[in-house]
Amino acid sequence: MDISTDRLRTDIETTATFGTLDGDGHGRTVLTGSDANQKAREYFLERLDDAGLSIRIDSVGNIVGRWVPEGASGAPVASGSHLDSVPEGGIFDGPLGVYAALESVRAMQDADRSPERPIDVVSFTEEEGTTFSSGLLGSSVACGQRSIEEALSLSDDTGQTLETALEEIGFCGTGRLDASTWDAWLELHIEQHIALERANPPAGVVTDITGITHCDVHIEGEANHAGSTPMDERTDALAAAGEFVTAVENAARAASERAPAVGTVGRLTVEPNATNVIPERVSMGVDIRSTEYESMNAIVEQMRQTLEQLTETRGVNTTCKRHFDLEPVAMSERCQRVLHDAGERATIETMTLHSGAAHDTMHIARVTDSGMLFAPSCAGISHSPQEWTDWDDCASATTVLAGALAELAGAT
(Lines give C-alpha, C1' and ligand atoms only; values in the text may rest on other atoms or scores of the structure.)
Protein backbone atom coordinates (compact mmCIF):
# COMPACT_ATOMS: atom_id res chain seq x y z
CA MET A 1 0.00 0.00 0.00
CA ASP A 2 1.83 3.07 -1.31
CA ILE A 3 1.26 6.67 -0.28
CA SER A 4 1.42 9.25 -3.08
CA THR A 5 3.70 11.99 -1.77
CA ASP A 6 2.87 14.14 -4.81
CA ARG A 7 -0.88 13.85 -4.21
CA LEU A 8 -0.51 14.64 -0.50
CA ARG A 9 1.80 17.56 -1.21
CA THR A 10 -0.52 19.00 -3.86
CA ASP A 11 -3.45 18.99 -1.44
CA ILE A 12 -1.46 20.70 1.33
CA GLU A 13 0.15 23.25 -0.99
CA THR A 14 -3.18 24.07 -2.62
CA THR A 15 -4.77 24.55 0.81
CA ALA A 16 -1.84 26.84 1.67
CA THR A 17 -2.90 29.24 -1.10
CA PHE A 18 -6.11 30.06 0.77
CA GLY A 19 -5.32 32.91 3.13
CA THR A 20 -1.68 32.97 2.03
CA LEU A 21 0.63 35.64 3.45
CA ASP A 22 3.07 37.90 1.63
CA GLY A 23 6.75 37.70 2.48
CA ASP A 24 9.14 34.95 3.48
CA GLY A 25 7.92 31.59 4.69
CA HIS A 26 4.80 29.61 3.98
CA GLY A 27 2.23 31.35 6.16
CA ARG A 28 -1.55 31.43 5.99
CA THR A 29 -4.39 33.00 7.94
CA VAL A 30 -7.56 30.91 7.80
CA LEU A 31 -10.06 31.99 10.44
CA THR A 32 -13.41 30.26 10.86
CA GLY A 33 -16.04 31.84 8.62
CA SER A 34 -13.57 33.78 6.47
CA ASP A 35 -13.32 33.67 2.69
CA ALA A 36 -10.11 31.66 3.04
CA ASN A 37 -11.89 29.18 5.29
CA GLN A 38 -14.69 28.83 2.75
CA LYS A 39 -12.22 28.12 -0.05
CA ALA A 40 -10.29 25.58 2.05
CA ARG A 41 -13.53 23.78 2.92
CA GLU A 42 -14.76 23.79 -0.69
CA TYR A 43 -11.48 22.36 -1.94
CA PHE A 44 -11.73 19.61 0.70
CA LEU A 45 -15.24 18.75 -0.49
CA GLU A 46 -13.93 18.44 -4.04
CA ARG A 47 -11.20 16.04 -2.95
CA LEU A 48 -13.66 13.94 -0.94
CA ASP A 49 -15.97 13.75 -3.93
CA ASP A 50 -13.12 12.80 -6.25
CA ALA A 51 -12.32 9.87 -3.95
CA GLY A 52 -15.93 8.70 -4.02
CA LEU A 53 -16.71 9.49 -0.37
CA SER A 54 -20.19 10.49 0.73
CA ILE A 55 -20.19 13.92 2.37
CA ARG A 56 -21.93 15.24 5.45
CA ILE A 57 -21.75 18.67 7.10
CA ASP A 58 -23.18 19.00 10.59
CA SER A 59 -24.75 22.02 12.31
CA VAL A 60 -21.44 23.49 13.49
CA GLY A 61 -19.65 22.98 10.18
CA ASN A 62 -17.79 19.75 10.94
CA ILE A 63 -17.15 17.96 7.63
CA VAL A 64 -17.13 14.16 7.24
CA GLY A 65 -16.38 12.15 4.14
CA ARG A 66 -17.32 8.49 4.53
CA TRP A 67 -15.90 5.61 2.50
CA VAL A 68 -18.09 2.52 2.60
CA PRO A 69 -16.51 -0.22 0.47
CA GLU A 70 -18.75 -3.04 -0.71
CA GLY A 71 -19.59 -5.30 2.22
CA ALA A 72 -18.29 -2.90 4.90
CA SER A 73 -20.47 -2.55 7.99
CA GLY A 74 -20.37 -1.69 11.67
CA ALA A 75 -18.95 1.29 13.51
CA PRO A 76 -16.61 3.39 11.34
CA VAL A 77 -12.96 4.08 11.98
CA ALA A 78 -12.23 7.82 11.70
CA SER A 79 -9.25 10.10 11.12
CA GLY A 80 -8.64 13.76 10.36
CA SER A 81 -7.82 17.11 11.93
CA HIS A 82 -8.73 20.74 11.06
CA LEU A 83 -8.40 23.31 8.25
CA ASP A 84 -8.45 26.59 10.23
CA SER A 85 -5.28 28.33 11.38
CA VAL A 86 -4.09 30.92 13.84
CA PRO A 87 -3.42 34.39 12.42
CA GLU A 88 -0.19 34.19 10.39
CA GLY A 89 0.12 30.47 11.04
CA GLY A 90 1.77 27.65 9.13
CA ILE A 91 0.59 25.36 6.34
CA PHE A 92 0.97 21.95 8.03
CA ASP A 93 -0.82 22.48 11.35
CA GLY A 94 -4.20 20.82 10.69
CA PRO A 95 -4.18 20.24 6.91
CA LEU A 96 -1.52 17.53 7.20
CA GLY A 97 -3.87 15.46 9.38
CA VAL A 98 -6.90 16.08 7.16
CA TYR A 99 -5.19 15.15 3.92
CA ALA A 100 -3.14 12.32 5.42
CA ALA A 101 -6.45 10.73 6.41
CA LEU A 102 -7.81 11.18 2.89
CA GLU A 103 -4.57 9.95 1.33
CA SER A 104 -4.77 6.85 3.54
CA VAL A 105 -8.17 6.08 2.02
CA ARG A 106 -6.92 6.74 -1.51
CA ALA A 107 -3.93 4.47 -0.94
CA MET A 108 -6.23 1.66 0.21
CA GLN A 109 -8.40 2.21 -2.85
CA ASP A 110 -5.36 2.13 -5.15
CA ALA A 111 -4.16 -1.10 -3.53
CA ASP A 112 -7.62 -2.72 -3.73
CA ARG A 113 -7.70 -3.08 0.05
CA SER A 114 -11.24 -3.78 1.25
CA PRO A 115 -11.94 -2.63 4.83
CA GLU A 116 -14.58 -4.45 6.83
CA ARG A 117 -15.60 -1.15 8.46
CA PRO A 118 -16.42 2.22 6.88
CA ILE A 119 -13.75 4.92 7.22
CA ASP A 120 -14.58 8.56 8.01
CA VAL A 121 -12.29 11.43 6.96
CA VAL A 122 -12.96 14.45 9.17
CA SER A 123 -12.27 18.18 9.36
CA PHE A 124 -13.34 19.77 12.65
CA THR A 125 -14.46 23.39 12.92
CA GLU A 126 -12.46 26.01 14.88
CA GLU A 127 -9.72 23.88 16.42
CA GLU A 128 -7.46 26.87 16.94
CA GLY A 129 -10.00 28.94 18.82
CA THR A 130 -8.92 32.33 17.48
CA THR A 131 -12.36 33.57 16.41
CA PHE A 132 -15.32 32.07 18.25
CA SER A 133 -13.98 30.01 21.14
CA SER A 134 -11.01 29.01 23.25
CA GLY A 135 -10.37 26.14 20.86
CA LEU A 136 -11.44 22.59 19.96
CA LEU A 137 -14.95 23.83 19.18
CA GLY A 138 -16.13 21.32 16.58
CA SER A 139 -14.79 18.33 18.47
CA SER A 140 -16.35 19.56 21.72
CA VAL A 141 -19.76 19.35 20.03
CA ALA A 142 -18.96 15.99 18.43
CA CYS A 143 -18.19 14.43 21.81
CA GLY A 144 -21.15 16.04 23.60
CA GLN A 145 -19.12 18.44 25.76
CA ARG A 146 -20.88 21.45 24.20
CA SER A 147 -24.39 21.71 22.74
CA ILE A 148 -25.06 22.77 19.16
CA GLU A 149 -27.06 25.75 20.43
CA GLU A 150 -24.26 26.94 22.68
CA ALA A 151 -21.68 26.62 19.92
CA LEU A 152 -23.76 28.44 17.30
CA SER A 153 -24.43 31.33 19.70
CA LEU A 154 -20.72 32.04 20.25
CA SER A 155 -19.67 35.36 18.74
CA ASP A 156 -16.47 36.93 17.46
CA ASP A 157 -15.07 40.35 18.35
CA THR A 158 -17.53 42.07 16.00
CA GLY A 159 -20.56 40.36 17.53
CA GLN A 160 -21.15 38.00 14.62
CA THR A 161 -22.24 34.54 15.75
CA LEU A 162 -20.76 31.28 14.58
CA GLU A 163 -24.14 30.39 13.11
CA THR A 164 -24.19 33.51 10.94
CA ALA A 165 -20.57 33.06 9.87
CA LEU A 166 -21.16 29.46 8.80
CA GLU A 167 -24.36 30.39 6.97
CA GLU A 168 -22.56 33.11 5.03
CA ILE A 169 -19.92 30.68 3.74
CA GLY A 170 -22.45 27.90 3.15
CA PHE A 171 -21.25 25.47 5.81
CA CYS A 172 -23.99 25.48 8.45
CA GLY A 173 -25.30 21.94 8.01
CA THR A 174 -27.70 19.82 10.00
CA GLY A 175 -27.58 17.43 12.94
CA ARG A 176 -24.57 16.59 15.08
CA LEU A 177 -21.53 14.51 14.25
CA ASP A 178 -21.42 11.93 17.07
CA ALA A 179 -17.85 10.76 17.71
CA SER A 180 -19.04 8.12 20.19
CA THR A 181 -20.33 6.10 17.22
CA TRP A 182 -16.77 5.59 15.92
CA ASP A 183 -14.95 2.35 16.68
CA ALA A 184 -11.67 4.30 16.87
CA TRP A 185 -10.12 7.65 15.97
CA LEU A 186 -6.59 8.54 14.83
CA GLU A 187 -5.10 12.00 14.21
CA LEU A 188 -1.82 12.83 12.50
CA HIS A 189 -0.34 16.22 13.41
CA ILE A 190 2.98 17.99 13.32
CA GLU A 191 4.75 17.70 16.67
CA GLN A 192 5.27 21.45 17.33
CA HIS A 193 8.35 20.54 19.37
CA ILE A 194 11.83 19.08 18.75
CA ALA A 195 11.71 15.61 20.35
CA LEU A 196 11.35 13.83 17.01
CA GLU A 197 13.92 16.03 15.32
CA ARG A 198 16.42 15.30 18.09
CA ALA A 199 15.82 11.54 18.09
CA ASN A 200 15.42 11.40 14.28
CA PRO A 201 12.53 8.96 13.72
CA PRO A 202 9.96 10.23 11.18
CA ALA A 203 6.92 9.42 13.35
CA GLY A 204 6.02 9.64 17.02
CA VAL A 205 3.22 7.80 18.79
CA VAL A 206 1.61 9.97 21.47
CA THR A 207 1.02 8.39 24.89
CA ASP A 208 -0.95 11.28 26.40
CA ILE A 209 -1.99 14.85 25.75
CA THR A 210 -1.34 17.56 28.29
CA GLY A 211 -4.19 19.21 30.11
CA ILE A 212 -4.67 22.93 29.73
CA THR A 213 -6.11 25.62 32.01
CA HIS A 214 -6.57 29.30 31.18
CA CYS A 215 -7.02 31.88 33.92
CA ASP A 216 -7.87 35.58 33.76
CA VAL A 217 -6.12 37.48 36.53
CA HIS A 218 -6.78 41.12 37.45
CA ILE A 219 -4.75 43.28 39.81
CA GLU A 220 -5.99 46.74 40.79
CA GLY A 221 -3.89 49.36 42.54
CA GLU A 222 -3.98 53.15 42.46
CA ALA A 223 -2.93 55.50 39.67
CA ASN A 224 -0.81 58.43 40.73
CA HIS A 225 1.89 60.79 39.53
CA ALA A 226 5.13 58.94 38.73
CA GLY A 227 7.27 61.89 39.78
CA SER A 228 5.67 63.17 42.95
CA THR A 229 4.54 59.93 44.64
CA PRO A 230 7.18 58.50 47.02
CA MET A 231 8.06 54.84 46.60
CA ASP A 232 6.67 53.86 50.00
CA GLU A 233 3.30 55.49 49.23
CA ARG A 234 2.58 53.65 45.97
CA THR A 235 0.05 50.92 45.17
CA ASP A 236 1.58 49.87 41.86
CA ALA A 237 -0.47 47.22 40.07
CA LEU A 238 2.28 46.43 37.56
CA ALA A 239 4.95 45.95 40.22
CA ALA A 240 2.60 43.49 41.92
CA ALA A 241 2.00 41.80 38.56
CA GLY A 242 5.75 41.38 38.14
CA GLU A 243 5.89 39.40 41.37
CA PHE A 244 2.94 37.33 40.20
CA VAL A 245 4.59 36.45 36.87
CA THR A 246 7.70 35.25 38.68
CA ALA A 247 5.55 33.21 41.08
CA VAL A 248 3.83 31.46 38.16
CA GLU A 249 7.19 30.59 36.65
CA ASN A 250 8.49 29.24 39.97
CA ALA A 251 5.32 27.20 40.59
CA ALA A 252 5.56 25.62 37.13
CA ARG A 253 9.24 24.79 37.63
CA ALA A 254 8.42 23.08 40.92
CA ALA A 255 5.54 21.13 39.40
CA SER A 256 7.66 19.99 36.46
CA GLU A 257 9.90 18.08 38.87
CA ARG A 258 7.00 15.62 39.31
CA ALA A 259 5.54 15.57 35.80
CA PRO A 260 5.87 17.62 32.60
CA ALA A 261 4.35 21.03 33.42
CA VAL A 262 4.56 24.60 32.15
CA GLY A 263 3.10 27.94 33.17
CA THR A 264 2.95 31.05 31.00
CA VAL A 265 1.68 34.57 31.55
CA GLY A 266 1.23 35.35 27.88
CA ARG A 267 -1.03 38.40 27.90
CA LEU A 268 -0.84 41.63 29.89
CA THR A 269 -2.93 44.78 29.60
CA VAL A 270 -1.71 47.73 31.66
CA GLU A 271 -3.81 50.80 32.45
CA PRO A 272 -3.53 53.70 32.04
CA ASN A 273 -0.30 52.64 30.27
CA ALA A 274 1.45 55.99 30.42
CA THR A 275 5.14 56.48 31.18
CA ASN A 276 4.54 59.11 33.85
CA VAL A 277 1.60 57.41 35.61
CA ILE A 278 1.82 54.64 38.22
CA PRO A 279 -0.11 51.66 36.77
CA GLU A 280 -3.58 51.33 38.28
CA ARG A 281 -4.80 48.07 36.70
CA VAL A 282 -3.21 45.01 35.11
CA SER A 283 -5.11 42.21 33.40
CA MET A 284 -3.27 38.98 32.61
CA GLY A 285 -3.95 35.78 30.71
CA VAL A 286 -2.33 32.70 32.22
CA ASP A 287 -1.80 29.35 30.48
CA ILE A 288 -1.12 26.27 32.64
CA ARG A 289 -0.39 22.81 31.20
CA SER A 290 0.68 19.43 32.55
CA THR A 291 0.26 15.73 31.89
CA GLU A 292 -1.00 15.42 35.49
CA TYR A 293 -4.14 17.28 36.51
CA GLU A 294 -2.92 17.45 40.12
CA SER A 295 0.07 19.48 38.95
CA MET A 296 -2.19 21.90 37.10
CA ASN A 297 -4.30 22.36 40.23
CA ALA A 298 -1.18 22.87 42.35
CA ILE A 299 0.05 25.66 40.07
CA VAL A 300 -3.34 27.39 40.12
CA GLU A 301 -3.49 27.10 43.91
CA GLN A 302 -0.02 28.66 44.20
CA MET A 303 -1.22 31.48 41.92
CA ARG A 304 -4.18 32.16 44.22
CA GLN A 305 -1.95 32.15 47.30
CA THR A 306 0.41 34.59 45.63
CA LEU A 307 -2.47 36.95 44.85
CA GLU A 308 -3.60 36.80 48.49
CA GLN A 309 -0.07 37.66 49.61
CA LEU A 310 0.07 40.58 47.20
CA THR A 311 -3.14 41.95 48.69
CA GLU A 312 -1.53 41.86 52.14
CA THR A 313 1.94 43.12 51.21
CA ARG A 314 1.14 45.62 48.45
CA GLY A 315 -2.44 46.64 49.21
CA VAL A 316 -3.76 45.71 45.75
CA ASN A 317 -7.10 44.07 44.99
CA THR A 318 -6.96 40.86 42.95
CA THR A 319 -9.24 38.38 41.20
CA CYS A 320 -8.54 35.09 39.43
CA LYS A 321 -11.07 33.36 37.19
CA ARG A 322 -10.35 29.86 35.84
CA HIS A 323 -12.49 30.00 32.69
CA PHE A 324 -11.08 27.19 30.52
CA ASP A 325 -10.11 23.78 31.83
CA LEU A 326 -9.28 20.52 30.06
CA GLU A 327 -7.87 17.59 31.99
CA PRO A 328 -4.97 15.58 30.54
CA VAL A 329 -6.03 12.53 28.57
CA ALA A 330 -4.25 9.26 27.80
CA MET A 331 -4.29 7.68 24.37
CA SER A 332 -5.78 4.21 24.09
CA GLU A 333 -3.27 1.37 24.32
CA ARG A 334 -5.01 -0.30 21.40
CA CYS A 335 -4.45 2.70 19.13
CA GLN A 336 -0.86 3.15 20.30
CA ARG A 337 -0.18 -0.50 19.48
CA VAL A 338 -1.61 -0.38 15.95
CA LEU A 339 0.41 2.75 15.17
CA HIS A 340 3.65 1.15 16.33
CA ASP A 341 2.76 -2.05 14.45
CA ALA A 342 2.06 -0.10 11.28
CA GLY A 343 5.46 1.57 11.52
CA GLU A 344 7.17 -1.77 12.02
CA ARG A 345 5.42 -3.32 9.01
CA ALA A 346 6.47 -0.37 6.84
CA THR A 347 10.03 -0.37 8.33
CA ILE A 348 9.44 3.19 9.56
CA GLU A 349 10.88 3.88 12.99
CA THR A 350 8.50 5.22 15.63
CA MET A 351 9.02 6.50 19.17
CA THR A 352 6.70 7.38 22.04
CA LEU A 353 6.28 10.93 23.34
CA HIS A 354 3.88 13.30 25.10
CA SER A 355 1.89 16.08 23.46
CA GLY A 356 2.38 19.48 25.06
CA ALA A 357 -0.27 21.07 22.81
CA ALA A 358 -4.03 20.58 22.88
CA HIS A 359 -5.71 18.83 19.94
CA ASP A 360 -9.22 17.75 18.94
CA THR A 361 -8.21 14.22 19.95
CA MET A 362 -8.41 15.34 23.59
CA HIS A 363 -12.20 15.51 23.25
CA ILE A 364 -12.62 12.45 21.05
CA ALA A 365 -10.59 10.29 23.44
CA ARG A 366 -13.29 10.77 26.06
CA VAL A 367 -15.88 8.93 23.96
CA THR A 368 -13.97 6.33 21.90
CA ASP A 369 -10.54 4.67 21.54
CA SER A 370 -8.18 7.34 20.21
CA GLY A 371 -4.59 7.73 19.14
CA MET A 372 -2.28 10.49 17.89
CA LEU A 373 0.69 10.34 15.58
CA PHE A 374 3.25 13.12 15.22
CA ALA A 375 5.46 14.08 12.27
CA PRO A 376 8.64 16.08 12.99
CA SER A 377 8.60 19.88 13.08
CA CYS A 378 11.78 21.56 11.86
CA ALA A 379 13.30 23.40 14.84
CA GLY A 380 10.01 22.82 16.66
CA ILE A 381 8.50 25.94 15.06
CA SER A 382 4.71 26.11 14.70
CA HIS A 383 1.96 28.74 14.55
CA SER A 384 4.34 30.68 12.32
CA PRO A 385 5.07 31.11 8.59
CA GLN A 386 8.40 29.39 9.39
CA GLU A 387 6.58 26.17 10.37
CA TRP A 388 7.93 23.33 8.24
CA THR A 389 7.82 19.53 8.02
CA ASP A 390 9.81 17.83 5.27
CA TRP A 391 7.68 16.18 2.61
CA ASP A 392 9.44 12.85 3.12
CA ASP A 393 8.49 12.98 6.81
CA CYS A 394 4.90 13.85 5.87
CA ALA A 395 4.80 10.82 3.61
CA SER A 396 6.40 8.49 6.17
CA ALA A 397 3.99 9.52 8.92
CA THR A 398 1.07 9.19 6.51
CA THR A 399 2.26 5.68 5.63
CA VAL A 400 2.13 4.77 9.31
CA LEU A 401 -1.33 6.33 9.64
CA ALA A 402 -2.61 4.44 6.60
CA GLY A 403 -1.34 1.15 7.92
CA ALA A 404 -2.93 1.74 11.32
CA LEU A 405 -6.27 2.76 9.80
CA ALA A 406 -6.22 -0.31 7.57
CA GLU A 407 -5.64 -2.56 10.59
CA LEU A 408 -8.35 -0.91 12.66
CA ALA A 409 -10.80 -1.10 9.76
CA GLY A 410 -9.95 -4.73 8.99
CA ALA A 411 -8.68 -4.02 5.48
CA THR A 412 -7.49 -7.19 3.77
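## Basis of the model

Because the model is predicted, local features need pLDDT of at least 70 and side-chain atom pairs count only at pLDDT 80 or more, whereas totals for chains, interfaces and linings use all residues. Residues are numbered from 1 along each chain as its sequence is written, and side-chain values use heavy atoms, with hydrogens and water left out.

## Packing of α8 and α9

Helix α8 (residues 237-255) packs with helix α9 (residues 293-314) at an angle of about 150 degrees, and their axes lie 9 Å apart. That angle makes α8 roughly antiparallel to α9. Helices (H or I, at least four residues) and strands (E, at least two) are DSSP runs numbered from the N terminus. Axes are lines fitted to C-alpha atoms, for helices over the stretch in contact, with angles running from 0 to 180 degrees between N-to-C directions; angles under 35 degrees count as roughly parallel, over 145 as roughly antiparallel, 65 to 115 as roughly perpendicular and the rest as oblique.

The crossing of α8 and α9 is right-handed (a crossing is left-handed if the near helix is turned anticlockwise from the far one by less than a right angle, and right-handed if clockwise). On the α8 side the contact (heavy atoms within 4.5 Å) is made by A239, A240, E243, F244, A247, V248, A251, A252 and A255, and on the α9 side by S295, I299, Q302, M303, T306, L307, L310 and R314. By class, this contact of α8 with α9 has 12 nonpolar, three polar and two charged residues, where Ala, Val, Leu, Ile, Met, Phe, Trp, Tyr, Cys and Pro count as nonpolar, Asp, Glu, Lys and Arg as charged, and the others, Gly among them, as polar.

## Helix α3 and its partners

Helix α3 (residues 95-110) packs with α2 at an angle of about 10 degrees, with the two axes 11 Å apart, and that makes α2 roughly parallel to α3. Here A40, Y43, F44, R47 and L48 in α2 meet V98, Y99, L102 and R106 in α3, a contact whose residues divide into seven nonpolar, no polar and two charged.

The axis of α3 also comes within 9 Å of that of helix α12 (residues 391-409), crossing at roughly 60 degrees, which makes α3 oblique to α12. The crossing of α3 and α12 is right-handed, and its contact is made by L96, A100, A101, E103, S104 and M108 of α3 together with C394, T398, L401, A402, L405 and A406 of α12. The residues of this contact divide into nine nonpolar, two polar and one charged.

The largest pocket has a volume of about 800 Å³, and of the 34 residues that line it, the closest to its centre are I212, H214, D287, R289 and H383. Its lining receives at least two residues from each of β7 (211-220), β8 (261-271), β9 (281-290), β10 (317-326) and β12 (350-355), and the lining residues divide into 10 nonpolar, 16 polar and eight charged. On a 1 Å grid over the protein atoms alone, a pocket is an open set of points with protein on both sides within 12 Å along at least five of seven lines, a cavity is a set of points where a 1.4 Å probe fits but cannot get out, and lining residues have an atom within 4 Å of a point. Grid points are joined across faces, edges and corners, and a volume is the space filled by probe spheres set on the points.

The second largest pocket has a volume of about 240 Å³, and its lining includes D287 and R289, along with T210, P260, A261, V262, T264, S290, T291, H354, S355 and G356. The residues of this lining divide into three nonpolar, seven polar and two charged.

## Cavity and backbone geometry

A search of the whole structure finds one cavity of 30 Å³ or more; the largest cavity has a volume of about 50 Å³ and is lined by T32, N37, R41, L83, D84, S123, F124, T125 and E126. The elements α2 (35-50) and β4 (119-124) give two or more residues to this lining.

Most residues other than glycine have a negative phi, and most peptide bonds are trans. The lining residue E126 has a phi near 55 degrees, a positive value in a residue other than glycine, and is placed in the loop between β4 and α4 (137-142). The peptide bond from E271 to P272 is cis, with omega near 5 degrees, and P272 is in the loop between β8 and β9.
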